[in-house]
Amino acid sequence: MRDTGDFYFKEIWIKSKDINKDDPAGFLRRASDKMELGYKVEAFSDINKAISIDSNSVQAYILKGLILLKLDSINSSLKCFSRAVSLNDTSINANFYLAE
């Protein structure tokens with residue numbers, strides 16, 4: 001039973017529910033974990049929280065762009081990748097995803 005997606009999601013939730021509400025890295029980690037498990041909508045909620053705390057996080061905009069791609073919102077994902085590049089034009093990941 002331990003290896004089912006729902007249980008693991010709850011386990012992540014339990015481990016990360018005590019994230020400091022002012023910690024964008026915690027929300028970023030939790031969003032990434034949820035994306036790996038296929039919980040796109042839940043990941044989108046967490047990444048928006050991370051961005052609302054730190055609107056200059058290149059990693060958060062890259063992850064948000066990837067989530068939006070999975071949600072079939074290509075134009076919005078391009079805006080996120082563009083924002084990531086504008087924040088750090090030397091970021092290899094941001095430039096890669098924007099070009100891709």
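1. Buried residues account for 35% of the 100 residues in this protein, which is a predicted model. The accessible surface comes to about 6400 Å², and carbon and sulfur atoms hold 52% of that surface.

2. A word on confidence before the details. The mean pLDDT is 86, and 82% of the residues reach 70 or more. The stretch to treat with care is residues 1-5, where pLDDT stays under 50; the model has four contacts beyond four places in sequence for these residues. Where pLDDT is low, the predicted coordinates should not be read in detail.

3. Among contacts between residues at least 6 apart in sequence, 42% join residues at least 24 apart.

4. What makes up the largest nonpolar core? This core has 21 residues, and those with the most contacts inside it are Ile47, Ile62, Leu63, Ile67, Ala84 and Ala94. Helix H2 (24-36), helix H3 (40-53), helix H4 (58-70) and H5 each supply at least two residues of the core. H4 gives the most, with seven residues. As background, nonpolar side chains tend to be buried together in soluble globular proteins.

5. Leaving aside residues up to four places away in sequence, Ala94 touches Val58, Ile62, Phe81, Ala84 and Val85.

6. Which residues does Ile62 touch, not counting those up to four places away in sequence? They are Phe81, Ala84, Ser91, Asn93, Ala94 and Tyr97. Ala94 and Ile62 are 32 residues apart along the chain, yet their C-alpha atoms are separated by 6.2 Å. Phe81 and Ala84 are touched by Ile62 and also by Ala94.

7. Is Ile74 buried or exposed? Ile74, which lies in helix H5 (residues 74-87), has a relative accessible area of 52%; it is exposed because this value is over the 50% cut-off. Together with Leu69, Leu78 and Leu98, Ile74 makes a nonpolar surface patch of about 310 Å².

Technical notes:
Residues are numbered from 1 along each chain as its sequence is written. This is a predicted model: local features need pLDDT of at least 70, side-chain atom pairs count only at pLDDT 80 or more; totals for chains, interfaces and linings use all residues. Side-chain values use heavy atoms; hydrogens and water are left out. Patches are made of residues with over 30% relative accessible area and no salt bridge: like charges are joined within 9 Å, nonpolar side chains (Val, Leu, Ile, Met, Phe, Trp, Tyr) within 5 Å. Accessible areas come from the Shrake-Rupley method with a 1.4 Å probe; for residues, only the protein chains shown count as cover. A salt bridge is a side-chain nitrogen of Lys or Arg within 4 Å of a carboxyl oxygen of Asp or Glu. Helices (H or I, at least four residues) and strands (E, at least two) are DSSP runs, numbered from the N terminus. Buried means under 20% relative accessible area, exposed over 50%, partly exposed in between (1.4 Å probe, protein chains only). Contact means heavy atoms within 4.5 Å. pLDDT is the predictor's confidence in each residue, from 0 to 100. A nonpolar core is a set of buried Ala, Val, Leu, Ile, Met, Phe, Trp, Tyr and Cys residues joined through side-chain atoms within 4.5 Å.
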